[in-house]
Amino acid sequence: QVQFVESGGGLVQPGGSLRLSCAASRSIFSIYRMGWYRQAPGKQRELVATITSGDRTNYVDSVKGRFTISRDNANNTMYLQMNSLKPEDTAVYYCQAIYGGYIYWGQGTQVTVSS
C-alpha cells in the first residue's frame, strides 16, 4: 500500500507557471506507471500525463509543449511542471498510480488560472 500527497497548486495568472509535486509514502522505484489527472467543475476526470519507470512519457494534446511530467525515485516524488498556463487548465489535479493490483489516488490540489 502506498499513499500519495499532492502539493504546489494555487492561483496563477494566464501565462504563468506552477510545479505540482506528488510525494509517496514509500519507494516508487518499482511502480511502473504513474500519472496526473485533472477534473474541472462539471466535467469528467481527464488523464493529463503519464510516466513510466523508464521515463517514457505521454501527454494529452491540450498540454503538449507546455507541461512536463517527471519522477525522482530518490525522493519518491513525481512532478508536473506547468508552463504557459491557460484558464482552461483550471481544475483539481490528482496523482495516480497502479501498484500491486490496486489504483491509488492522492487527495488532489487545486489549480486556478485567472487574471
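Guide: The following conversation goes through this model from its overall form down to single residues.

Visitor: What should I know before we start?

Guide: This is a predicted model, in which local features need pLDDT of at least 70 and side-chain atom pairs count only at pLDDT 80 or more, whereas totals for chains, interfaces and linings use all residues. Residues are numbered from 1 along each chain as its sequence is written, and side-chain values use heavy atoms, with hydrogens and water left out.

Visitor: How many helices and strands are there?

Guide: The protein chain has zero helices and 11 strands. Helices (H or I, at least four residues) and strands (E, at least two) are DSSP runs, numbered from the N terminus. Read from that end, the order is β-β-β-β-β-β-β-β-β-β-β.

Visitor: What is the radius of gyration, and what would a compact globule have?

Guide: The protein chain has a radius of gyration of 13 Å, which agrees with the value near 13 Å for a compact globule of 115 residues. The radius is taken over C-alpha atoms, and the globule rule is 2.2 Å times the number of residues to the power 0.38. Along its principal axes, the C-alpha trace spans about 40 × 25 × 20 Å.

Visitor: What share of the residues is buried?

Guide: Buried residues make up 43% of the 115 residues in the protein chain. Buried means under 20% relative accessible area, exposed means over 50%, and partly exposed lies in between (1.4 Å probe, protein chains only).

Visitor: And what about the surface?

Guide: The protein chain exposes about 6100 Å², and carbon and sulfur atoms supply 48% of that area. Accessible areas come from the Shrake-Rupley method with a 1.4 Å probe; for residues, only the protein chains shown count as cover.

Visitor: What share of the contacts links residues 24 or more positions apart?

Guide: Such pairs account for 53% of the contacts in the protein chain with a separation of 6 or more. Contact means heavy atoms within 4.5 Å.

Visitor: New topic: how many disulfides are there?

Guide: The count comes to one disulfide, where a disulfide is a pair of cysteine sulfur atoms within 2.5 Å. Cys22 is joined to Cys95, with an S to S distance of 2.0 Å. The pair links distant parts of the chain, since Cys22 is in strand E3 (residues 18-24) and Cys95 is in strand E9 (residues 91-99), 73 residues apart.

Visitor: Which hand does the link have, and are the two cysteines buried or exposed?

Guide: The link of Cys22 and Cys95 is left-handed, with -70° about the S-S bond. Cys22 counts as buried because its relative accessible area is 1%. Cys95 is buried as well, with a relative accessible area of 0%.

Visitor: Which non-glycine residues have a positive phi?

Guide: Most residues other than glycine have a negative phi. Among those with a positive value is Asp55, with phi near 65°. Asp55 is found in the loop between strand E5 (46-52) and strand E6 (57-59). Asn76 also has a positive phi, of about 55°, although it is not a glycine. Asn76 sits in the loop between strand E7 (67-72) and strand E8 (77-82).

Visitor: Where is Leu47, and what does it touch?

Guide: Leu47 lies in strand E5. Not counting residues up to four places away in sequence, Leu47 touches Arg33, Trp36, Tyr37 and Val60. Leu47 is partly exposed, with a relative accessible area of 34%.

Visitor: And Tyr59?

Guide: Tyr59 is placed in strand E6. Leaving aside its neighbours within four places in sequence, Tyr59 is in contact with Val48, Ala49, Lys64, Phe67, Thr68 and Ile69.

Visitor: Last one: is Asp61 buried or exposed?

Guide: Asp61 is exposed, with a relative accessible area of 62%. Asp61 lies in the loop between E6 and E7.
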